[in-house]
Amino acid sequence: MASGAGEWSTAQMDDYETLISTTDVELLKRAWRNEKAAPEILPFEEALVKRAKEQIQLMEETVDEFAESGHDPLIASLYQMDLDRAQFLLRSYLRVRLQKIEKLMFYIWKSDTYHHRLSTEEEKFAERCIRDIGKHLEETVLSKLPDNYQSLLKQSIISEEDDMVPEPQLDAFVVAKCQRATRPLFLDGSRQSAGFDNRDDHFQMVPGDLCILRYRPFQEELMSGNISLV
């Protein structure tokens, strides 16, 4: 007979203990590291950023109250250190995303997948960047070139693709740490749903593994939280 709903496996208990021991600051740190290391822009952590902003505001109020009430300066300085750390992580996370948008703005804007990963403010930023860069290049360079070479996105009018648009390098190598066991995947990015076959190019990570690997085959594992980047 199957185990009852109240009986958890060791792996489930470990996942639960990891979850309840993870603070929003740690989650924000993980999101920042993932964003820094990933070659593409990741989905915006809207709920996490909102909570972080609320906690930072509360921490600022707490530090001000401690300073005004004459509490132990050491305690006040410890609160200030926590505040500084949270502010640094939030600003760095948002800054890394803006840098990616600046680098990949044309590709992000034409891709529905990447477009939907932006926050409302990031969408406005990307749109403004595209408009300003386009206007600048048109006035300084493109208008002075032959008609066949005045495209902002293509090398020439005969190009079939937007070959002047930088794309995220999904085959770049990254360092990944396993949080939860990954699904069986092959290094060429294909899935294996029914178990391993005789091929020897499959790869699977278990919690605690630290590996250097190509980003593309484990893209979904990062999105699902099974791995994190360092």
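Cavities first: I searched the whole structure and got one cavity of 30 Å³ or more. My rule, on a 1 Å grid over the protein atoms alone: a cavity is a set of points where a 1.4 Å probe fits but cannot get out, while a pocket is an open set with protein on both sides within 12 Å along at least five of seven lines. Lining residues have an atom within 4 Å of a point. Grid points are joined across faces, edges and corners, and volume is the space filled by probe spheres set on the points.

Housekeeping: this is a predicted model, so local features need pLDDT of at least 70 and side-chain atom pairs count only at pLDDT 80 or more, whereas totals for chains, interfaces and linings use all residues. Residues are numbered from 1 along each chain as its sequence is written, and side-chain values use heavy atoms, leaving out hydrogens and water.

Back to the largest cavity: its volume is about 40 Å³. I listed D24, V25, L28, A52, Q55, I56 and A86 as its lining. Two or more of these residues come from each of α2 (24-37) and α3 (46-69); helices are DSSP runs (H or I, at least four residues), numbered from the N terminus. By class the lining has five nonpolar residues, one polar and one charged. Nonpolar here is Ala, Val, Leu, Ile, Met, Phe, Trp, Tyr, Cys and Pro; charged is Asp, Glu, Lys and Arg; the others, Gly among them, are polar.

Next entry: how do α2 and α3 pack? I get an angle of about 130 degrees and axes 10 Å apart, the axes being lines fitted to C-alpha atoms over the stretch in contact, with angles from 0 to 180 degrees between N-to-C directions. In contact (heavy atoms within 4.5 Å) are D24, L27, L28 and A31 of α2 with L48, R51, A52 and Q55 of α3. I count five nonpolar, one polar and two charged there.

Then I checked α4 (residues 73-110) against α6 (residues 120-140): the axes come within 9 Å and cross at roughly 65 degrees, so the two are roughly perpendicular. That contact has ten nonpolar, no polar and five charged residues.

Last, the second largest pocket: about 230 Å³ of space. α3 gives the largest share of its lining, four residues. The lining includes K50, K53, L94 and L98, and its classes are four nonpolar, two polar and five charged.

Technical notes
Angles under 35 degrees count as roughly parallel, over 145 as roughly antiparallel, 65 to 115 as roughly perpendicular and the rest as oblique.
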